[in-house]
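Thanks, everyone. Let me put the structure up, and then I'll take you through two places in it.

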Amino acid sequence: VRTPSDRIRELDTRHRPITRQCRRCVLDSTVPDLELVDGICQYCRTWGTHVGHTIDTDPARLKDKIDALKAGGKGRQFDCLMGLSGGVDSSYVLMKCVEFGLRPLVIHVDNGWNTAESNHNIAALVEQLNVPLITKVLEWDMFSDMQLSMLRASTPDGEVPTDHAIYATMLSEVRAHKIGAIVSGGNYATESVLPADWGYGASDWRYIRSVHQLFGTAPTDQFPHYGLDELAKARFNGPPTVRLLNFLDYDRQQAIDELVANVGWEDYGGKHCESSYTRFFQTVLLPHKFAIDKRRAHLSSQILAGAVTRDEALHELEAPTFDDRWFDTELPFIMAKLRITPDQFWDIVDRPPKSFRDYPNQEKNVQRIQAVRYFPAKVKTRLRSLRSR
Ligand SMILES: [Zn+2]
């Protein structure tokens, strides 16, 4: 008898033949657009060249950033807006901000999937650091319908409705409180490598909405969203996003130790597993249905940042992405929460993988707007290099 675990294991990417592999990082032929030149992939070749997004641990640069945030907050109620998930990155950057004397407004978007640990962490941080928190709860019938429609669309973008709602909520809080900057836990140390073909759509409302029109039923007019015009406005005139962890010597394990010691923070295991949905999506569905093992991207980022060796990373990748107890401990909860039957769950697993390109989308325009974000920095660098000639 084939058990559910057998069915998932048959799809295990670790058992697929690897035809191509980067010599420096751990990306391989599971990245469709991998371009090897002398055995080195494009992500390794361009590492460190993303203007404004590299690691810079010069204390003077950090002080500049903090001073600029404080200056921008003068005469305002808050210096910055910060999203908090209860995960390591967002928790740590919040703790540091308070340590540096910044006055953040903290926002948490609750999509209904928080683990007990992440709820505990959010409460502990807010209480210990004494910071104001706004929690935006996404209405469950609406949000779960949106999430299910993305799963039925069979694209690797099952987290996109959450990501879109978070940014939409942040944009509206920025406006409501006239906040001058967003401080994010995004960081180059663990997130510099992210294959373009592994996910799309967080900023593409047309894609999200059209998938929902095809596969969903609940009304979504209350869903926090933004269109191209608002995206463009945010990029051109909106508050800058400061990735403060890029200016610290950010080490994930050290950050966890500090959080545990200072605020009684609780660990929940793998990266981004502070939500039970994310754990399902990232450790079960993505690797087994789409051959996307996000650990490869995280570990590659860490290799390039010098935090782990390639051998250590390869060793870590030999472990399964999840353990079999998941079928008993979490799967029943996930099906009950999404209100789907086992047949409907297996239908989601078995549908052939698709891409956002199979649905109406605004990829070209979104890319055009997002490219502009780096334009001023690029121009400045160009000018500087011309001047020094
Ligand atoms: Zn590489």
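Start with two cysteines: cysteine 22 and cysteine 41 are both buried. Keep in mind that this is a predicted model.

For reference, the ideal angle for four tetrahedral donors is 109.5 degrees. Cysteine 22 and cysteine 41 sit 19 residues apart, in the loop between helix 1 (4-10) and helix 2 (42-45), and the pair links distant parts of the chain.

Next stop, helix 12. It covers residues 276-289. Is helix 12 enclosed or open? Largely enclosed by the rest of the structure, because 13 of its 14 residues are buried. At its start, a side-chain oxygen of serine 275 comes within 3.2 Å of the backbone nitrogen of tyrosine 277. Helix 12 also has a kink of about 30 degrees, centred on glutamine 282. Just after the helix, alanine 291 adopts a positive phi of about 60 degrees.

Now lysine 289, which lies in helix 12. Its relative accessibility is 9%, so lysine 289 counts as buried. Where does its side chain go? The side chain of lysine 289 reaches the backbone oxygen of isoleucine 348, at 2.6 Å. Beyond its neighbours within four places in sequence, lysine 289 has contacts including Ser154, Val349, Arg351 and Pro353.

Notes: Residues are numbered from 1 along each chain as its sequence is written. This is a predicted model: local features need pLDDT of at least 70, side-chain atom pairs count only at pLDDT 80 or more; totals for chains, interfaces and linings use all residues. Side-chain values use heavy atoms; hydrogens and water are left out. Helices (H or I, at least four residues) and strands (E, at least two) are DSSP runs, numbered from the N terminus. Buried means under 20% relative accessible area, exposed over 50%, partly exposed in between (1.4 Å probe, protein chains only). Contact means heavy atoms within 4.5 Å. A polar contact is a pair of N or O atoms within 3.5 Å; within protein, one must be able to donate a hydrogen and the other to accept it, and residues adjacent in sequence count only if both atoms are side-chain atoms. The bend at a residue is the angle between axes fitted to the seven residues ending there and the seven starting there.
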